[in-house]
Amino acid sequence: MPTEVIMPKVDMDMASGKIAVWHIAPGESVQKGEPLFDIETDKAAMEVEAPDSGILHHPAPEGSEIPIGKPVAWLYAEGEEVGDPPQPFETIGDAPGAPAADTPPAAGEDRPEPQETADEPEPLAAVAVSGDKTRATPKARALARDGGMDVADIPGTGPRGRVQAEDVRNALKGGFAASTPVRFSPETGPLAVSRSKGGKGAPLVLIHGFASDATSWAPLEAQFRDRPIIRIDLPGHGKSPKLRIPNFVTLLKEVRRAVDDLQLDEMHLVGHSLGGAVCLALADTRPRNIASLTLIAPAGLGPDMNGAALGGICKASRAESLGPWLKSLVADDRIVTDSYVRLAMTARSDANLRAAQAAMSDALFPDGVQSFDLRAALDGVQMPTRLIWGRQDEIIPWKHALRAPGRVGLHLFDGVGHMPQLEAAEEVGKILRSQL
């Protein structure tokens, strides 16, 4: 008997879900736990894993709204006879069309290319990633496979970084999609991980923000010499390789691999800005190992941000142009001394590093907007969680913090900007110690 794939309930108020995109074409095989399709609700979008291994048949059309608990497709074993769908789909409203045909073509007949969804903008939605498979339309996967390319290496321009057929065509021609204009020389390899010496108990795992690196935690680390500390450099930052990061899903995949490689039974996870968004997504997908979660001015809780500052930091090639943007990160710009700026510029002297970060910025923050939404993930966290923010933050509005559920602790500091771990290190340390 085929395995029934049902519409899952991912939100307490959810009565139905809309199928946004299938990651597997009819007749293709999928392994248990791999991303199978995306669903959309009023509050979130989420990848759904395959409940079993098998070959996908009779998928409900993209755009169908299916009640919770009702089938959306079936997974058949290799060699299992495939006939008509075991039962008709139950849809809400008018179904957008019949299920995609998945019968094998007759001899000499070409299978029609899978229909690709239109590239109109999709609403911002929660990223809840549970697998490592690249988002791509079936047509894009087929083109990449026929062209001998790995679809994971192709920057996606579709909704939430999904690889479209046109992206593959551009890549096969030797170029990249027009919306990914920033070029750099990509590298390979694992992310850089550094550790403090000594200490007892579950470690603090620290993930810095965009255009920063692991050394930015020094003021906070000084208060935790009794605790093991592990720092992870984001791709294209610090000592990590300059990876191609076409979307937030890929960024999360790389950091999650680094965290999994630590093989920790328990950790206290702390993230700042973009690192805070990554930590929140990790807490959503790897909750069992996280004893506490501390988010400092995290990204991902609203679309608006200071894109000009981000772009200015990426483009700055001299201390004179970098300094004013660094000063916008703090409420009291006297903290940002000339020597601090020169040191920061020295760390950014590599033009390829700046280009890699600019490419990442263009992918994650297109047109100065946050392209990923983690509000649903914040609603669902169960471990002790604290949000720390400065009321004078000029990079990400502190009012994003007010969207947190009541069980999340909220700490707002007057006279503090986007860098509470630097501007109010002692107070942030006290808050963090209470989590331990």
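User: Where does Asp226 fall: buried, exposed or partly exposed?
Analyst: Asp226 is partly exposed, because its relative accessible area of 46% sits in the band between the 20% and 50% cut-offs. Keep in mind that this is a predicted model.

User: And which residue does Asp226 form a salt bridge with?
Analyst: Look for Arg433: its closest N atom and the closest O atom of Asp226 are 3.5 Å apart. Then ask where the two ends sit. Arg433 belongs to helix α12, while Asp226 is in the loop between α3 (218–221) and β11, so the bridge ties together parts that are 207 residues apart in sequence. Arg433 counts as partly exposed too, at 37% relative accessibility.

User: How many salt bridges does a search of the whole structure find?
Analyst: The search gives 11. One of them joins Lys70 and Glu90, again with closest N and O atoms 3.5 Å apart. Lys70 is in the loop between β7 (65–67) and β8 (71–76), and Glu90 is in the loop between β8 and α1 (138–146), so this pair ties together parts 20 residues apart in sequence. Another joins Arg286 to Asp260, at 2.9 Å between the closest N and O atoms. Here Arg286 comes from the loop between α5 and β13, and Asp260 from helix α4 (residues 248–262), 26 residues apart. There's also a network of salt bridges linking Glu187, Lys242 and Asp350.

User: Now the sheet. What is the strand order in the open sheet of 7 strands?
Analyst: Read across it and you get β9-β11-β10-β12-β13-β14-β15, with mixed pairing. The edge strands are β9 (193–195) and β15 (409–413); each has a single partner strand, so one side of each is left without a neighbour in the sheet. From one strand to the next, the twist averages 15°.

User: Which helix lies across β10, β12 and β13?
Analyst: That's α5, running at about 145° to β12 (267–272). Helix α12 (residues 425–435) packs on the sheet as well, touching β10, β12, β13, β14 and β15, and its direction makes about 170° with that of β14.

User: How should I think about the nonpolar core?
Analyst: As a general idea, nonpolar side chains in soluble globular proteins tend to be buried together. In this model the largest nonpolar core holds 64 residues, and Phe248 and Leu274 touch the most other members. Helix α5 (residues 274–285) gives the most to this core, with 8 residues. A second, separate core has 21 residues, including Met14 and Trp22.

User: Is Ile388 buried or exposed?
Analyst: Ile388 is buried, with a relative accessible area of 0%. This residue is found in strand β14 (residues 385–390). Its contacts away from its own stretch of sequence include Leu295, Ile296, Phe413, Val428 and Ile431.

User: What share of the chain's 436 residues is buried?
Analyst: Buried residues make up 52%. The accessible surface comes to about 19,600 Å², and 50% of it belongs to carbon and sulfur atoms.

Methods
Residues are numbered from 1 along each chain as its sequence is written. This is a predicted model: local features need pLDDT of at least 70, side-chain atom pairs count only at pLDDT 80 or more; totals for chains, interfaces and linings use all residues. Side-chain values use heavy atoms; hydrogens and water are left out. A nonpolar core is a set of buried Ala, Val, Leu, Ile, Met, Phe, Trp, Tyr and Cys residues joined through side-chain atoms within 4.5 Å. Buried means under 20% relative accessible area, exposed over 50%, partly exposed in between (1.4 Å probe, protein chains only). Helices (H or I, at least four residues) and strands (E, at least two) are DSSP runs, numbered from the N terminus. Contact means heavy atoms within 4.5 Å. Two strands pair if DSSP finds at least two bridges between them. Axes are lines fitted to C-alpha atoms, for helices over the stretch in contact, and angles run from 0 to 180 degrees between N-to-C directions. Accessible areas come from the Shrake-Rupley method with a 1.4 Å probe; for residues, only the protein chains shown count as cover. A salt bridge is a side-chain nitrogen of Lys or Arg within 4 Å of a carboxyl oxygen of Asp or Glu. Lists of a residue's contacts leave out its neighbours within four places in sequence.
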